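Please open the model in your viewer and keep the sequence alongside, so that selections can be made by residue number. The tour moves from one selection to the next and says what is found at each stop.

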Amino acid sequence: MRFIIGIYFIILCMAIRVNSFVGITWGRMQSQQLVPSMVVDLLLQNQIPALRLRTSGSDISEIFSGTNISLAITLVNNYMWQANRTDLAYTWVNDRVKNPINKGVNIVYLTVGTEPFSNTFMKEARTDQVVNVIKLIRQALDDMGLGYVKTTTSHGMDVLKLTKIPSEADFRDDIKQQMLESLEFYNQTGAPFDLIMFPIHYIKEVLNYTMEFAYFDNKSGFKIQDGKFTYTNVVELMIDSVAWAIRKAGYPNMKIMIGQIGWPTDGYPHANIENAERFHKGFLKFIASNKGTPLKPGPIDVFLHSLSDENQFRAIFGAFQRHWGIYEADGNPKYKIDFSLQDRDTYPTQAKGIVKMPNRWCVFNGNREDMDLVNKNYNFACNIADCTSLEKGGSCDGLSDDSKISYAFNVFFQKHKQQVELCDFDGLGEIRADNPSTGNCEFPVEILTFQDQAVKDGMILRI
């Protein structure tokens, strides 16, 4: 049945998206993860034809065998050593690409390195090996008859010098040589420039413009004039800034693919469900139009970021980085979005087969006799669990002090599968059956993990 649905939605998507596609990213840094087969069904039911994995693990990619879903897999920065010699590259490609393809997995993109030259988000994972490794992997792919698998590298906006006018953009001096060598490689192999972009952060931290400039239905009247080109939203400005830098390097016709773009829903100013829905509605209408940008007219391929929240993501710039998900971690959609590009006012389908833990919460019992002990336990909980919602501007920012302590205790308790002894907190915690959620602040109840369900059903499965 899944195969029939897969064929149907691929045909439908081809009819709708003549020249571009909209895929989605899926990261798995979550204490309670969606069962991979549920992810497959979510993509099929929502007519999402492509998925970007932030991993190259064949145990995950092979789950998509026979679905016709196009996969982009990733060799992350910290594992370049696995393919930094010819023999290692051949082994890596054979294990991570060729074998899954032979089993029916539709791998079409291989991303070698994620923001390897970053001086902001990914600066701690910077690597200069990427140019050499991508060439070795390209050779291995070609020799194995896998020439159709495109190889590229993801780059963020921070590969550019700081500028607010697209036509003034150029690559940073300290990475100029690496970028020129990368561009030459992309041009020779027909690969796109893979751009990671997060408009909400770029406007607030780099441009310092009104947040209305992030939306395609910009209501502020704010715009940027750059010669004959007018920019009324930051997405086109960001794309064209990169396009100008690439043009100056001598490659005006190079395709730019958006490898990640999204809007967080918690833990950051303007990061909420309403704004995320508004951003995606305008952005997807723009993509569906195939009109492109002032400098780069034409269709744009894009991967939305991301499928679900990741409460264990190592948030370098803020806890909001854990909340890019269009879906909650439990498989419920947060807001309306139409992946089919038909601008329908509808929620995406809900994940099927989710099993939640019992409706019980760990809360603060109100004992304030020793506030040093209370604060110690509060900080302990938030250092381990995800307290993003308590951040300034977050959905639970307005809670009372006692309720904030309760929220911290509960997310720690849920992360650890509701183990009763982990709601002690030196005698300050208690388990309740009544839901302490209030207003927009939801005290979560986690789902059973894939591993938990496997044990529950008496099976041993590999995820």
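**Between the two domains**

Between domain 1 and domain 2 of this predicted model, the count is one salt bridge. To see a salt bridge in the viewer, select Asp386 and Arg322, whose side chains meet with an N to O distance of 3.1 Å. Across the interface of domain 1 and domain 2, five residue pairs are found in polar contact, and the side of domain 1 that touches domain 2 consists, by class, of three nonpolar, six polar and two charged residues.

Now colour the chain by its division, with residues 22–327 as domain 1 and residues 358–445 as domain 2; the centres of these domains, taken over C-alpha atoms, are 35 Å apart. Eleven residues of domain 1 contact eleven residues of domain 2, and the area buried between the two domains is about 810 Å², with carbon and sulfur atoms giving 44% of it. Next select Gln32, Asp266 and Gly267, the residues of domain 1 that lose the most area to domain 2, together 42% of what that side buries.

**A stop at Asp217**

Move on to Asp217, which is found in the loop between helix H7 (199–207) and strand E7 (224–226). Is Asp217 buried, exposed or partly exposed? Its relative accessibility is 36%, so Asp217 counts as partly exposed. Leaving aside residues up to four places away in sequence, Asp217 touches Glu212 and Arg278. Select Arg278 as well: although Asp217 and Arg278 are 61 residues apart along the chain, their C-alpha atoms are separated by 8.6 Å, and a polar contact of 2.9 Å joins their side chains.

Definitions and conventions. Residues are numbered from 1 along each chain as its sequence is written. This is a predicted model: local features need pLDDT of at least 70, side-chain atom pairs count only at pLDDT 80 or more; totals for chains, interfaces and linings use all residues. Side-chain values use heavy atoms; hydrogens and water are left out. Helices (H or I, at least four residues) and strands (E, at least two) are DSSP runs, numbered from the N terminus. Buried means under 20% relative accessible area, exposed over 50%, partly exposed in between (1.4 Å probe, protein chains only). Contact means heavy atoms within 4.5 Å. A polar contact is a pair of N or O atoms within 3.5 Å; within protein, one must be able to donate a hydrogen and the other to accept it, and residues adjacent in sequence count only if both atoms are side-chain atoms. Domain bounds come from an automatic or database domain assignment. Buried area is the accessible area (1.4 Å probe) that two parts lose on being put together, summed over both. A salt bridge is a side-chain nitrogen of Lys or Arg within 4 Å of a carboxyl oxygen of Asp or Glu. Ala, Val, Leu, Ile, Met, Phe, Trp, Tyr, Cys and Pro count as nonpolar, Asp, Glu, Lys and Arg as charged, and the others, Gly among them, as polar.
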